[in-house]
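Biologist: I have a structure open and would like to learn how to read it. Could you take me through some features, one by one?

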Amino acid sequence: MIACLTIPGLELKAALRRTPSLALRPAALAPEPQGEPLIGPVTAAAEAAGVQPGMRLGEALATCPSLALVEPDAAGAELAWEEIVHALEDAGFSVDPASLGVAYFETRGVERLYGGLEPALRRALAAVGTEWDARIGAAGRRFAALAAASVARPGQTVVVADDELPQFLAPLPLTLLPLERGRYEELEALGVRKLGQLAGLPGGAVAERLGPDGRRAWGLARGGTAARVRGRRPPAAVAASLEFPEAVGNELTLRRALAGLVETALARPERRDRFVRKVALAARLESGGSWRRTLTLREPSADPDRIRVALSPRLAELPGPVVELRLELVELTEPTGHQLELLAAGAEDRSRLRDGLRQVRASTGSGSVCTVVEVAPWSRVPESRALLVPKDE
Amino acid sequence: MVARSRIAGFAGAEGRVVARFNAPRAARVEANANGTPLEVNHRAVALVREEWRVVDRWWTEESVVRRYFEVVLESGENTVVFYDGASGGWYTQKGA
């Protein structure tokens, strides 16, 4: 069986952790700073007041004047999602996180461990916890599992047997299909509103009218193809963050801070001489929200300059002043991934210096060896020009 | 006056602290009626080499209003002290 765990509105739930009192009031996730003015997920109270996720901000406020807007916390949501996936992995499931709030896993390998399908699914829900209102659908195919999860209530599991699949999918709405908004309207105009109606049409006619996307949607409406779920490789947990004494909006300062973070993260012993394949840059904003960008390097590298140059342009995309900057080495290569020089230039000096620093640390304790990182060299206030960042390895 | 903030690791890293470089240190300064230092940490001032003011961040709640003096002590040592208008105290500072 393939199981699909969903957490609708995960971004809002993650953002509401900072202001839990809003959870019971009409509230919605505010639009992205530079995107279209469309609200994100909404609370149950907002939904009861007529506000729908994806509504235009003006329309939502007109519908519910007391609607509170919650600042998006993209980095917080990703971190929370990572914790959830990690909890599932800890419970023995090999998880494929398809998107934020949607993860698939196969139950076959763990059914014997937990004494059957239902206990295994209950174990998965318990691993996630009750805080997130997770639900699970299980079926023989991925799309059917997603559809089953979409009808499950919070904390509930819905299992669909293969022979019940057509009847189960038939009354479900088309919005479950991964189609562009215009396509739904086109299908609705043709009188097709349910998965069963689409599945009943001839495949060739659907492909001719709606193209390859339509053909794929038609295939999904009939249950989708039987493909196995491949669990992800857990990401590397190497990161460094820097909290500023006061909010920083100046790009030059941020670039300097980034350079310090790259050095710190690369120096972490957990990296174990592996090269970096994928990095994520996250920031906590002064406004209370957060920002996050991931980047896959053209080729794996452990060269701080190269990583810094690749990441620096992303700093220009920051929507506002930053109180904390964080760098995560998301994916690392295998330790033997690169051919290095036999004898690196200056290696002996560096090793002697490292030995000396290790000696100092051993005698005076952690945090006694620091690097000076310039953050605002032009400042008229001398102590604002540079920071002392502990260098533990 | 030393601002300390946290630098945290993602996994397994113990709490680490970032400190400001060249943070001011409280000093005991005797000054005359004009506010010019006569004694710094019980050592007499031989000469005031320079004096300047720094007014910054007045648009924030932590405005900086300082009167700096670069002085030569009788021992021959050069040092920089300032009077902090916000806290009403004297401090020495390197790198000013």
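Predicted model: local features only at pLDDT ≥ 70, side-chain atom pairs only at ≥ 80, totals over all residues.

Modeller: We'll go through confidence, then a helix, some sheets and a few loops. On labels, residues are numbered from 1 along each chain as its sequence is written, while chains are lettered from A and ligands numbered from 1 in the order in which they are written.

Biologist: What pLDDT does chain B average?

Modeller: pLDDT is the predictor's confidence in each residue, from 0 to 100. Chain B averages 82, and 82% of its residues score at least 70. Over residues 1-15 of chain B, though, the pLDDT is below 50, and that stretch has 35 contacts in the model beyond near neighbours in sequence. A contact here is two residues whose C-beta atoms, placed from the backbone, lie within 7 Å. For the complex, the predictor gives an ipTM of 0.79 and a pTM of 0.56.

Biologist: Which residues of α6(A) are buried?

Modeller: Buried means that 20 or more other C-beta atoms lie within 10 Å of a residue's own; 12 or fewer makes it exposed, in between is partly exposed, and the C-beta atoms are placed from the backbone. In α6(A) the buried ones are Ala120(A), Leu121(A), Ala124(A), Leu125(A) and Val128(A). Seen down the axis of α6(A), they fall within an arc of 140°, so they line one face of the helix. That arc is the one of the directions from the helix axis to the C-beta atoms. The buried residues pack against β1 (2-6), α4 (74-90), α5 (108-114), β6 (135-139) and β7 (157-159) of chain A. Just after α6(A), Gly129(A) takes a positive phi of about 95°.

Biologist: In what order do the strands of the open sheet in chain A come?

Modeller: Two strands pair if DSSP finds at least two bridges between them. Here 5 strands form the open sheet in the order β4-β5-β1-β6-β7 of chain A, with mixed pairing. β4 (95-99) and β7 of chain A stand at the edges with a single partner strand each, so one side of each has no neighbour in the sheet. From one strand to the next, the twist averages 20°. Angles run from 0 to 180 degrees between N-to-C directions, with axes as lines fitted to C-alpha atoms, for helices over the stretch in contact. β4(A) and β5(A), residues 102-106, pair in the antiparallel sense over 4 bridges, and Pro97(A) stands opposite Ala103(A) in β5(A). Helix α7(A), residues 142-151, lies across β1, β5, β6 and β7 of chain A and runs at about 145° to β6(A).

Biologist: And how many helices and strands does chain B have?

Modeller: Chain B comes to 0 helices and 9 strands. Of its 96 residues, 22% count as buried. β6(B) and β7(B), residues 64-73, run antiparallel and are joined by 10 bridges, with Val48(B) opposite Val71(B). β7(B) also pairs with β8(B), residues 78-84, in the antiparallel sense over 7 bridges, where Val71(B) stands opposite Thr79(B). The hairpin of β7(B) and β8(B) has 4 residues between the strands, and Gly76(B) there takes a positive phi near 100°.

Biologist: Which loop holds Asn41(B)?

Modeller: As background, most residues other than glycine have a negative phi. Asn41(B) is in the loop between β5 (37-40) and β6 (43-56) of chain B, and its phi is near 50°, a positive value. His42(B), in the loop between β5 and β6 of chain B, has a positive phi of about 65°. Asn41(B) counts as partly exposed because it has 15 C-beta neighbours inside 10 Å, and His42(B) is exposed, with 7 other C-beta atoms within 10 Å.

Notes
Helix = DSSP H or I, 4+ residues; strand = E, 2+ residues; numbered from the N terminus.
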